[in-house]
Amino acid sequence: MPPLAARVHAPLLLAPAARPAARLRASSGPRGGGGVRRGALASEKPAAVAVAEKAGGDGGGGEGPYDAIVVGSGIGGLVAATQLAAKGARVLVLEKYLIPGGSSGYYRRDGFTFDVGSSVMFGFSDKGNLNLITQALEAVGRKMEVLPDPSTVHFHLPGDLSVLVHRKYEDFINELISKFPHEKEGILKFYGICWKIFNSLNSLELKSLEEPLYLFGQFFQKPLECLTLAYYLPQNAGDIARKFIKDQALLSFIDAECFIVSTVNALQTPMINASMVLCDRHFGGINYPVGGVGGIATSLADGLVEKGSEIRYKANVTNVILENGKAIGVRLSNGKEFFAKTVISNATRWDTFGKLLKDKELPEEEKNFQKNYVKAPSFLSIHMGVKASVLPAGTDCHHFVLEDDWNNLEKPYGSIFLSIPTVLDPSLAPEGHHILHIFTTAGIEDWEGLSRKEYEEKKEVVANGIIRRLEKELFPGLEDSIVLKEVGSPKTHRRFLARNDGTYGPMPRGKPKGLLAMPFNTTSIDGLYCVGDSCFPGQGVIAVAFSGIMCAHRVAADIGLEQKSPVLDAGLLGLLRWLRTLA
Ligand SMILES: NC(=O)c1ccc[n+]([C@@H]2O[C@H](COP(=O)([O-])OP(=O)(O)OC[C@H]3O[C@@H](n4cnc5c(N)ncnc54)[C@H](O)[C@@H]3O)[C@@H](O)[C@H]2O)c1
Ligand SMILES: CC(C)=CCC/C(C)=C/C=C/C(C)=C/C=C/C(C)=C/C=C/C=C(C)/C=C/C=C(C)/C=C/C=C(\C)CCC=C(C)C
């Protein structure tokens, strides 16, 4: 392997549009083996690529009707689409970009395969009911090989507090107690409640909470578990932690645990979401897909096509078409129209109602959502290839760094997330090298109004500051070991992920009532559904996978593929709408 030249790349978070053919070929998965059908050869041409090549992006003339059109192929959209296709629906997914996955996509540079977003994968185990990524793949006959991560994250926190979240719960809890022996009882109680909630969740068959026949069925079969969930639904992790824990540093640690999940502190993080991630990391564990995270989306897209549905790339949806107030199709930027019984938007709710329905007055329900939630800041991401020698032996895969001051936890550029997926899967980088994927929160307003030169310079200055902090805290010699570096700003994320202001997801405006105000999948527009991280239960790949499963169930009932009761529907949907107004 010839040595890689050290250099700094232009602002490319994702692949440049100048290489469309290569990008379509790359759809076979990050490593070609990322999404192999059971018993199929890894070298077989994935069906999704064939359709993309045939479609050649936007065409002309109207098409349809489909059972459902899905706008966007993030994990939320793809799970909704594949679940529906598995139930026998004919689905069309329209994706603006060149490959599927959105924030869970990938790109390649000089032999490195980078995950665009998170590399920390929940829900990828082979047990329980909450392994939603595994289940989503299985629904379309796919299975990915995964590598168990021995830990979830290594926290490097103020006051030299270092906590490694081991895969084994006992190891983690003993390590935490060893740092706060005086809070042993409080620690066991707080994490004990998390387990109570997690076990309740894990005992249910997860489908749409907006479908009454299913919901009442679950209440009948598992009354205690459902009541437990209903009890904790409006509560937040920070309030529960404060019932048992007094030590401020320990409460700040729990803030950091929650911040990773929700980009806000524990007082603002719904207890159900906190419990889900604080326990699944030990129950199913964190598992990394061989070949990279991008393989999940390409496998789902291939599975979708094999079920007789379609996905088209370079298809930029600009409008949802309404007829008598009902969503009946969509229009692309090239004027082409597609029609369907239902339309599912995987764009954020801000984009769905602010752009795809810009001529329509914002419905009350959405006003309520925007009253309760704001767009979380975007982020600055740095993808680097480094010489392997810079990492000490036994380096953990994921790190969270906040050096001196707890007050900086939620501030822009305050906390640093770092993933080194090559610790688990060396095939993602050329021999002798590692990948460092670094990100930190950043607002779009910081990056607007700059000239090209100022923008490039600012990216360099900010990125180098972050790299120097990591060099000081974790890896001496880091700067000199860099062979490849690409910096993405909030503007990059807005452009390539098509997310309003490049937002990371929704964030409660104040202190939420747990998950009570979070909208589900139906909207106040007949035939229009939303899926993704601005729907219940919020941010996170496993969370949007759940929103996809819920959405597909509700849509399937509405188009006659699953049982439904119009009378009960009206009652439950009305009740849920009313409950949201209480939040
Ligand atoms: N760094 C990170 O770890 C990171 C960053 C951001 C988001 N995330 C996570 O990623 C997940 C987001 O998943 P998601 O399912 O909500 O969606 P997503 O944002 O990942 O994907 C949405 C997809 O819809 C496409 N799209 C948007 N508008 C469109 C339009 N008008 N026409 C056609 N296509 C359009 C986008 O190109 C994108 O591919 C969440 O888990 C979130 O928390 C992670
Ligand atoms: C309806 C009513 C009213 C009532 C009823 C009751 C009941 C029954 C209820 C039920 C409920 C349920 C089922 C629920 C569910 C839920 C769920 C599933 C949830 C989930 C969640 C998840 C989440 C949130 C996740 C998240 C994650 C994340 C975000 C991640 C991230 C990561 C990252 C960022 C990375 C980091 C990195 C480093 C450190 C490096």
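# A walk through a predicted chain and its two ligands

Helix α13, which spans residues 349-356, is mostly covered, since 6 of its 8 residues are buried, where helices (H or I, at least four residues) and strands (E, at least two) are DSSP runs numbered from the N terminus, and where buried means under 20% relative accessible area, exposed over 50% and partly exposed in between, with a 1.4 Å probe and protein chains only. The buried residues of α13 are R349, W350, D351, T352, F353 and L356. An α-helix has 3.6 residues a turn, so residues three or four places apart point the same way.

The model is a predicted one, in which local features need pLDDT of at least 70 and side-chain atom pairs count only at pLDDT 80 or more, while totals for chains, interfaces and linings use all residues. Residues are numbered from 1 along each chain as its sequence is written, chains are lettered from A and ligands numbered from 1 in the order in which they are written, and side-chain values use heavy atoms, with hydrogens and water left out.

Taken as a whole, the protein chain contains 18 helices and 21 strands, and buried residues make up 61% of its 583 residues. Among contacts in the chain with a separation of 6 or more, 75% are accounted for by residues 24 or more positions apart, contact meaning heavy atoms within 4.5 Å. The chain exposes about 21800 Å², of which carbon and sulfur atoms supply 55%; accessible areas come from the Shrake-Rupley method with a 1.4 Å probe, and for residues only the protein chains shown count as cover.

An unreviewed UniProt entry carries the annotation "domain: Amine oxidase" over residues 75-555; UniProt positions are given in the numbering used here, feature names are shortened, and annotations may be inferred rather than shown by experiment. Over residues 75-555 the chain is 38% helix and 21% strand, with the end C-alpha atoms 17 Å apart.

We turn next to the ligands. Ligand 1 is surrounded by 32 residues, of which E95, S103, S118, R499 and G540 are the closest, a residue being near a molecule or strand if one of its heavy atoms lies within 4 Å of it. By class, this shell around ligand 1 has 14 nonpolar, 14 polar and 4 charged residues, where Ala, Val, Leu, Ile, Met, Phe, Trp, Tyr, Cys and Pro count as nonpolar, Asp, Glu, Lys and Arg as charged, and the others, Gly among them, as polar. A polar side-chain atom of E95 lies 2.6 Å from an oxygen atom of ligand 1, a polar backbone atom of V317 is 2.8 Å from a nitrogen atom of the ligand, and an N or O atom in the side chain of N346 is 3.1 Å from an oxygen atom of ligand 1. Taken alone, ligand 1 exposes 860 Å², and the protein buries 97% of that. The elements that give two or more residues to the shell around ligand 1 are α3 (75-86) and α17.

Around ligand 2 there are 33 residues, and L201, V261, L418, Y504 and Q539 come nearest. Taken alone, ligand 2 exposes 1100 Å², of which the protein buries 96%. The residues of its shell divide into 26 nonpolar, 7 polar and no charged. At least two residues of this shell are supplied by each of α8 (223-232), α10 (248-262), α11 (271-285), β16 (398-401), β17 (416-419), α17 and α18 (566-582), and the largest share, 4 residues, comes from α11.

Between α10 and α11 runs a loop that holds Q268. Q268 is buried, with a relative accessible area of 14%, and, leaving aside its neighbours within four places in sequence, Q268 is in contact with N236, E410, P508, R509, G510, K511 and P512.

Several backbone details are found in other loops. K314, in the loop between β10 (310-312) and β11 (317-323), has a phi near 55°, a positive value in a residue other than glycine, and counts as partly exposed at 35% relative accessibility. N324 lies in the loop between β11 and β12 (326-332); its phi, near 50°, is likewise a positive value in a residue other than glycine, and N324 counts as exposed at 80% relative accessibility. The peptide bond from F536 to P537 is cis, with omega near 0°, and P537 lies in the loop between β21 (528-530) and α17 (541-558).

A last stop is R109 in strand β4 (residues 106-109), which is buried with a relative accessible area of 4%. The C-alpha atoms of R109 and L229, 120 residues apart along the chain, are separated by 45 Å.

Terms used:
Polar contact = N/O pair within 3.5 Å; in protein donor to acceptor, adjacent residues only side chain to side chain.
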